Amino acid sequence: MSKVALITGITGQDGAYLAEYLIKKGYIVHGIKRRSSLFNTERIDHLYQDPHIENRNLILHYGDMTDSLNLTRIIGEIQPDEVYNLAAMSHVKVSFDSPEYTANADGIGVLRLLEAIRLLNLTKKTRFYQASTSELYGLVQEIPQKETTPFYPRSPYAVAKLYGYWITVNYREAYDMHASNGILFNHESPLRGETFVTRKITRAIARIAMGMQQKIFLGNLSAKRDWGHAKDYVRAMHAILQQDEPSDYVIATGITTTIRDFLIMSFAEIGVTLDFQGEGVNETALLNNIDEKVFNKKVGEAFLANFKQRIGEQLVGIDPVYFRPTEVELLIGDATKAQTRLNWKPEYDLPALIEDMMQYDIKLMKRESYLKDGGYSVLNYFE
Ligand code: NAP
Ligand code: F7E
């Protein structure tokens, strides 16, 4: 008998990687998808199966983390062995604009799922994974951060996630549920949402190199993050639910890097160096040099002549609109517990992650510029 999993947030970055991973393991995967005026299933289209096919292994349900009746009905109907709660308003900066909604979806939403499992008498059958976050550490109280490090959330998002964390622990202790938190540090991929800083950078660099965009505006370049690859992190989510005992785990690489260095490394991936000038809101980076061999290989010879003309021009600027009212300056995780108990360690390091993201965005932008051009001028650049 195949195991049945329910993934909330299946249309998001992690949902897509996890669905693929579980299907490969023989699971029947159910996913909750919000109704929207567009399909919004791009990340899982390769897994989609027509509803008329028998014995499907991917089944989507309309639902929302703010609608407990809907969540309870879906869980009652599918009786899942494992629930992965990945749905959330996941953008820290946006949570300052929509704090009440964020609290509802990211905080109370967790309670709705746990209470549905309890009321449906599934506490012995259904294992529960909560997508907790390194944002809980916020104004860090210890370096590096581990499972015992005190929390100090710094945004409405993190405060909502704090509720989600503790209500998961509480249901585990009160009702003896197999309910666990994965305290995941930042993880990225080519499927990362375009407004998170890593994807914003790799996407913009591809566009700048191909003449589709002049420059990129960013916020705080000095913040440090512990970045891994989402592909590695969904393996950890699954491993957490396969343990005999529920528990909470930090998942991280143990290496921290500034946004500025991520930017430098991403430009270097296409053979470009930057000349940084100024400080604070006046910081800027100009196009310094191009390694033509690398650029031609990674981006394409046809784009070189135009880009070379831009040497000495500004490519990066600061816009304070991207600053946060309260910032998380430093995150670095200690995943020893996960390494020991789950035998988990990441396969991707930061250079491999950046290479994966840059390659994808260059390919994507070539296709976009090809389509915009009516399909003529960049036709030759396709492999
Ligand atoms: P993501 O790409 O933003 O995906 C979030 C998912 O949640 C999307 O499928 C989204 O649906 C769905 N969603 C949002 N609000 C919802 C609602 N009210 N009802 C139902 N679904 C809703 O996020 P991610 O990067 O995959 O992250 C997955 C989870 O891990 C999130 O809970 C996030 O907070 C947490 N987390 C992420 C990281 C990270 O670095 N990526 C680290 C730690 C924790 P739409 O597609 O319709 O928007
Ligand atoms: O910001 C700085 C920004 O939005 C990272 C979510 O998945 O990971 C993510 O949250 C850093 C911050 O991710 C820009 O100020 C500079 O210091 O990519 P981000 P995040 O806030 O770390 C955690 C673990 C989650 O749980 C969340 O769901 O980059 N930064 N300039 C910028 N950030 C953005 N977005 N845009 C900029 O232009």
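Helix 1, with its twelve residues, extends 17 Å from its first C-alpha to its last, which is close to the 16 Å expected at 1.5 Å a residue. The model described here is a predicted one. Nine of the twelve residues of helix 1 are buried, so the helix is largely enclosed by the rest of the structure; the buried residues are Q13, D14, G15, A16, Y17, L18, A19, L22 and I23. After the helix comes G26, a residue with a positive phi, near 95 degrees.

The sheet of the model is open and is formed by seven strands in the order 3-2-1-4-5-6-11, with parallel pairing. Its edges are strand 3 (58–62) and strand 11 (248–251), each of which pairs on one side only. On average, and with direction ignored, neighbouring strands of this sheet are turned by 20 degrees against each other. Strand 2 (residues 28–33) runs parallel to strand 3 and is joined to it by five bridges, and I59 in strand 3 is the bridge partner of H30. Helix 1 (residues 13–24) packs on the sheet, where it touches strand 1 (4–8), strand 2, strand 3 and strand 4 (82–85), and its direction makes about 175 degrees with that of strand 1. Helix 5 (residues 156–175) also packs on the sheet, touching strand 5 (127–133), strand 6 (179–184) and strand 11, with a direction at about 150 degrees to that of strand 6.

Within strand 6 lies N181, which counts as buried because its relative accessibility is 0%. The side chain of N181 is joined to that of S132 by a polar contact of 2.7 Å. When residues up to four places away in sequence are not counted, N181 touches Q130, S132, G164, Y165, T168, V169, S247, D248 and Y249.

In soluble globular proteins, nonpolar side chains tend to be buried together. The largest nonpolar core of this model has 37 residues, and those with the most contacts inside it are I270, F295 and V316. Several elements each supply at least two residues of this core, among them helix 6 (197–209), helix 8 (259–268), strand 13 (272–277), strand 14 (284–290) and strand 15 (314–318), while the largest share, seven residues, comes from helix 12. Leaving aside residues up to four places away in sequence, I270 touches I205, A209, V294, F295, K298, V299, M358 and I362. Apart from this core lies another, of 33 residues, which includes I23, Y27, L58 and A239; of these, I23 is one of the buried residues of helix 1.

Notes. Residues numbered from 1 in each chain as written. Chains lettered and ligands numbered in written order. Predicted model: local features only at pLDDT ≥ 70, side-chain atom pairs only at ≥ 80, totals over all residues. Heavy atoms only, no water. Pairing = 2+ DSSP bridges. Helix = DSSP H or I, 4+ residues; strand = E, 2+ residues; numbered from the N terminus. Axes fitted to C-alpha atoms, helices over the stretch in contact; angles between N-to-C directions. Contact = heavy atoms within 4.5 Å. Expected span 1.5 Å × (residues − 1). Buried < 20%, exposed > 50% of the residue type's maximum accessible area, 1.4 Å probe, protein only. Polar contact = N/O pair within 3.5 Å; in protein donor to acceptor, adjacent residues only side chain to side chain. Core = buried A, V, L, I, M, F, W, Y, C linked by side-chain atoms within 4.5 Å.
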